[in-house]
Amino acid sequence: MAHSHDQNFKNLILDYPRQALEFFAEQEAVGLDQQVRITPIRQEQLKERLGDHFRELDVPLLVEWPDGRRETLLFVIEEETDPTRFSIRRLARYCLDLTELMKTDRVVPVVIFLRPGKRIPTQLKLGGDRHTYLSFRYLGCDLARLEAGDWLRSSNLVARLNLPNMHWLPEQKIDIYASAVRGLQEMEPDLDKQVKYLDFIDIYTALDDNEMREYQERYPQETNKMSGLRERWLSEGKEQGIAQGIEKGERSLLYRLLTRRFGPLDEPTEARLQKATAAELERWADNILEARTLEDVFTLH
């Protein structure tokens, strides 16, 4: 399950980078106005340059001010489901690697703790009897210690989605779920993302059948929206799947016709077929009747 939690939070941060920084790294995000550009550093680039030290599920975000009034700032965000797995030394080493790679000393390490833990190291000091020669600390967001009641009406979508991961009393469970769902419905217009993060809320609230029935009785408006959302998404998904299936069938049929007419296809031709649009596949299939050579199939109109 650790991997899935990591991936859930990675998706959340990549989909909502600004809200994620404002929530998980509030102290440093104060100066991030609407003009800043926030971009994730490509995973391929990091893996190639950092080798064995690279952790695919860390999320480094580059914050830039297009007008140049401030230097670029690098946020390094990692999620730890189990606090006992957290290594401050590994995080420090990773940040140092990134500073060298990105040629900047402006780095903000952020750690999200999904579960509470004891004796989690908050800083690392290396030195002798007289001096400290290296001092390292990070911003910690201990979700289980945040009071959910303080965030029930937050305008930050990342905060609302994480209400189930905060501290609340058992009798508040359904209200917590409702507030998270309402925040998603009000702040996210994209259908696919609504479905995606409704699953996120479901996973971390984990309502049982009785609790879900009670939610549906107490919050009929939100329930109707949820039901309509899922039905619409399933309907659109089926239509998309049918269209994809037709296109796949056209591509397979064209491949067989070309092979029968002109013999085995070379790699460039196979690649061309794989990248072709539905319109191109249809046009090429029509051209086979008149084509004298393989090239004619792709050039005739």
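How many residues line the largest pocket, and which of them lie nearest its centre?

Reply: The model is a predicted one. In it, the largest pocket is lined by 22 residues. Those that lie nearest the centre of this pocket are F24, Q27, Y138, L139 and G140. The space in the largest pocket comes to about 490 Å³. Sorted by class, the lining holds 14 nonpolar residues, 5 charged residues and 3 polar residues.

A charged residue in a strand may be considered next. E79 belongs to strand β3, which spans residues 73–80. The relative accessibility of E79 is 5%, and E79 therefore counts as buried, the cut-off being under 20%. Once neighbours within four places in sequence are set aside, the residues in contact with E79 are H5, D6, F9, I112 and L114. For one of these, I112, the separation from E79 is 33 residues along the sequence, whereas the C-alpha atoms of E79 and I112 are 4.6 Å apart in space. The side chain of E79 also makes a polar contact, at 2.8 Å, with the side chain of T81.

Two cysteines can be described in the same terms of accessibility. C95 has a relative accessible area of 5% and is therefore buried. C141 is likewise buried, because its relative accessible area is 6%. As for disulfides, the count for the model is 0, where a disulfide would require a pair of cysteine sulfur atoms within 2.5 Å.

The backbone deserves a word as well. Most residues other than glycine have a negative phi. K103 is a residue other than glycine with a positive phi, near 55°. K103 is placed in the loop between α5 (88–102) and β4. With a relative accessible area of 71%, K103 is exposed, since the cut-off for that class is over 50%. R119 also has a positive phi near 55°, again in a residue other than glycine. The loop that holds R119 runs between β4 and β5 (123–127). R119 counts as exposed because its relative accessibility is 84%.

Key:
Residues are numbered from 1 along each chain as its sequence is written. This is a predicted model: local features need pLDDT of at least 70, side-chain atom pairs count only at pLDDT 80 or more; totals for chains, interfaces and linings use all residues. Side-chain values use heavy atoms; hydrogens and water are left out. On a 1 Å grid over the protein atoms alone, a cavity is a set of points where a 1.4 Å probe fits but cannot get out, and a pocket is an open set with protein on both sides within 12 Å along at least five of seven lines; lining residues have an atom within 4 Å of a point. Grid points are joined across faces, edges and corners, and a volume is the space filled by probe spheres set on the points. Ala, Val, Leu, Ile, Met, Phe, Trp, Tyr, Cys and Pro count as nonpolar, Asp, Glu, Lys and Arg as charged, and the others, Gly among them, as polar. Helices (H or I, at least four residues) and strands (E, at least two) are DSSP runs, numbered from the N terminus. Buried means under 20% relative accessible area, exposed over 50%, partly exposed in between (1.4 Å probe, protein chains only). Contact means heavy atoms within 4.5 Å. A polar contact is a pair of N or O atoms within 3.5 Å; within protein, one must be able to donate a hydrogen and the other to accept it, and residues adjacent in sequence count only if both atoms are side-chain atoms.
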